[in-house]
Structures are given as structure tokens and as C-alpha cells.
Amino acid sequence: MTILALASVAMLGLAGCSAPANDGGSSGQASQKTLGIVALVATDALNAAVIKGATEAAEAAGWTVTVTDTQGSPDKANAAMTAFSTTQKVDAILVSAFASSSIGGGLASAKTAGIPVVSWGGELVDGIVATTSALKVGEDSVDALLTDFGDSGDVLALTYHTGVLCLYRGQAFDEAIKKTDISLVSNEVAIPGQVEDGTNFTAAWLASHPEGSGNYAVWGAWDEPAMGAIAALKQAGRTDVKVYSINGSPAALQAVKDGTMTQIIWQDGYTEGQELFQSVLDSDKAGDSWQPKTIDVPGVLVDSDTIDAFLAEHPDALT
């Protein structure tokens, strides 16, 4: 099945079951339906997993899929949703990792066209039939960090508030850190450039946090800036700084395995993508009786003690 406008999506071969083939028309028929996906960053590993899960579920139901990569731009997200609603006339839209408040124009276009929208992490507002929980993995991450790191020391947080998942992760992180004696420095990374920013911010922070003078850690709102932090630590020859992250990309899992990443919360984006598409089918079948819902797929803590068991259970997670 052809996927249009998909810019070099790095797929994670995560295992999962396709959605049942119902309510979607038959493949190859003129009535074939289309799912339009608006991606925050299509080449990010977790975004790619969500896209893959939704795509495989849609194709199993006889739908085709088209993806627009916005590279983190709300303006491009609104434009994509408007194009999907007016000129491309898709049958449903999946929006990946944008706050619902930032896509008002796109939601209005979809509502006018009668097109249901599902959101990966956005708030439940008028026009969105289902979303996934964005706060829980942030709470899980900071709880695990504090259990491992303790409640005192110095932490550098690499944040990103444009993406709704990272926004809520950062809010959960900030709320928890306020209750500790940890000294926190936060730096906002940009997209594109998230890895480079992670490296540069960490290098600057290290200059004022010399080895042997404290309890140190870097927390990434997702894997890519955290991997940039690891690069800075390697360049400086520092092994005294712990690194924590969320998502569980192949590179981050390998970093846990080789000891340069302390721990991550792995998020099952593939299953989230499948469940979001299933909500499209379910809401269409339910009609006016449908109640918008939040889907909660728990994260998994992966560290040096659990990495081998995790990879045994998820053998494709490093690819």
C-alpha cells in the first residue's frame, strides 16, 4: 500500500497486532478510505512507531495512508490538516504530538468537513474523538529518576514545549523537582537541531559543574537531546553524570545497554498508533453515542538491570 509524502520515516520493527478489517472499505475499490497523518517529526523513532502502528492498522482495514512531516511547526500542522480536509478530502486525521490549542485552525477545517480527528497526546477538545495520555510517562520518568538519583544534586533538563508530549513531560518533571533539594537548570532545545542543542547545552553546563564536586544528571524530555548530552559527556571524558530519558529509540536502548544512558521510559508508540486508528473505526460505528476518550498505554522502565529482559521480550527494539 502506498504511503504518500512520508519523508524518510525510520520505522521501528515493533511487534503488534493489526486492527480488524472492518468499517474501512475494501482495498483497491473506488470507495477506499484515507487516513491523513500530521507528524510532529516523522523521522523521530517514537513518532515513526506511532505512524507505523496506525498505518498497519489502517491498511488492515482497507484504508490508504498519507503522511505530512511538519518538523515541529504548528503552522505546518494547521496547513496540513486544512489541506487534508479541503483538497485531499481524507476520511480521518491523526495528529501527532501537537497541543490541541495550537491546531485550532486545522481542527476547525476538519469539523467543517465532518472529518474525525484523533490525537497522539493532545488535549480532548471539540473535534477530537480520542487521544493518548501524555502526562503519565513524564510522571513515571521523574519518579524513576528520583528513586535512582536521590532528592539532592544538580540536574540539567533538556526540554521542548512546542510538542505536547514533551510539554506535559516537562510539567510533570518540574512539579516533582520542586519538592526536592535538587538544583535545576532547564534549556529549551529546537527542532530541527535537537541533538546538537543537547550537546551544546550539556557542554556549557559541564563547564560550571566540574567532575568530583557534586551529584549530577541530565534529563531529556525525549531521546534525541539526551543522546546529544551523551555526546558532550564523551567529548569531555565525563563518566560522573547520569543520563535519563523517555521514548526508547534504538539508539537510546543501545546506550542503556552500553552504560552511557542510565535509564529510559520506553513508550509503546506502535500500540498507541494502532489504538488511535481503532478509535476512528469505533467512533464511526458508534455515531452520536461515541464519547471521546483518552487511551493510556503504560511506559516501561528500562535500565541496566532490565535491559536484557526487555530486549528478550522486544527483540526488534534495537532495529
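Asparagine 247 lies in strand E10, and this residue has a positive phi of about 125° although it is not a glycine. The structure is a predicted model. Its secondary structure comes to 10 helices and 13 strands. Of the 319 residues, 53% count as buried.

**Overall form**

- Along the principal axes, the C-alpha atoms of the protein fill a box of roughly 65 × 40 × 35 Å.
- A compact globule of 319 residues would have a radius of gyration near 20 Å, and the protein has 20 Å, which agrees.
- Among contacts with a separation of 6 or more, 77% are accounted for by residues 24 or more positions apart.

**Nonpolar core**

- The largest nonpolar core has 95 residues, and those with the most contacts inside it are Leu35, Trp63, Ile93, Trp219, Met261 and Phe277.
- Helix H5, spanning residues 164-177, gives the most to this core, with seven residues.
- In soluble globular proteins, nonpolar side chains tend to be buried together.
- Leucine 35 touches Ala54, Ala58, Trp63, Thr64, Val65, Thr66, Ala92, Ile93, Leu94 and Phe277, when residues up to four places away in sequence are not counted.

- Strand E4 (residues 92-96) has five of its five residues buried, so it is largely enclosed by the rest of the structure.
- Both faces of E4 are covered: Ala92, Leu94 and Ser96 are buried on one side, and Ile93 and Val95 are buried on the other.
- Strand E2 (residues 34-39) runs parallel to E4 and is joined to it by four bridges.
- Within this pairing, leucine 35 stands opposite alanine 92 in E4.
- Strand E5 (residues 117-120) also pairs with E4 in the parallel sense, over four bridges.
- Valine 95 has serine 119, in E5, as its bridge partner.

**The six-stranded open sheet**

- Six strands form an open sheet in the order E8-E7-E9-E10-E11-E13, with mixed pairing.
- Strand E8 (181-188) and strand E13 (300-303) stand at the edges with a single partner strand each, so one side of each is left without a neighbour in the sheet.
- From one strand to the next, the twist averages 20°.
- Strand E9 (residues 216-220) and strand E10 (residues 241-247) run parallel and are joined by four bridges.
- The bridge partner of valine 218 is valine 243 in E10.

**Helices against the sheet**

- H5 packs on the sheet, where it touches strand E7 (152-159), E8, E9 and E10.
- The direction of H5 makes about 155° with that of E8.
- Helix H7 (residues 223-236) lies across E7, E9, E10 and strand E11 (263-266), and runs at about 160° to E10.

**Helix H4**

- Helix H4 (residues 136-149) has 14 residues, which at 1.5 Å a residue should span 20 Å; its end C-alpha atoms are 20 Å apart, which agrees.
- The buried residues of H4 are Val137, Gly138, Asp140, Ser141, Val142, Ala144, Leu145 and Phe149.
- An α-helix has 3.6 residues a turn, so residues three or four places apart point the same way.

- Most residues other than glycine have a negative phi, and most peptide bonds are trans.
- Asparagine 247, with its positive phi of about 125°, is buried, with a relative accessible area of 5%.
- Glutamine 71, likewise a residue other than glycine, has a positive phi near 50°.
- Glutamine 71 lies in the loop between strand E3 (64-69) and helix H2 (74-86).
- With a relative accessible area of 28%, glutamine 71 is partly exposed.
- Isoleucine 191 and proline 192 are joined by a cis peptide bond, with omega of about -5°.
- Proline 192 is placed in the loop between E8 and helix H6 (194-207).

Notes: Residues are numbered from 1 along each chain as its sequence is written. This is a predicted model: local features need pLDDT of at least 70, side-chain atom pairs count only at pLDDT 80 or more; totals for chains, interfaces and linings use all residues. Side-chain values use heavy atoms; hydrogens and water are left out. A nonpolar core is a set of buried Ala, Val, Leu, Ile, Met, Phe, Trp, Tyr and Cys residues joined through side-chain atoms within 4.5 Å. Buried means under 20% relative accessible area, exposed over 50%, partly exposed in between (1.4 Å probe, protein chains only). Helices (H or I, at least four residues) and strands (E, at least two) are DSSP runs, numbered from the N terminus. Contact means heavy atoms within 4.5 Å. Two strands pair if DSSP finds at least two bridges between them. Axes are lines fitted to C-alpha atoms, for helices over the stretch in contact, and angles run from 0 to 180 degrees between N-to-C directions. The expected span of a helix is 1.5 Å times one less than its number of residues. The radius of gyration is taken over C-alpha atoms; the globule rule is 2.2 Å times the number of residues to the power 0.38.
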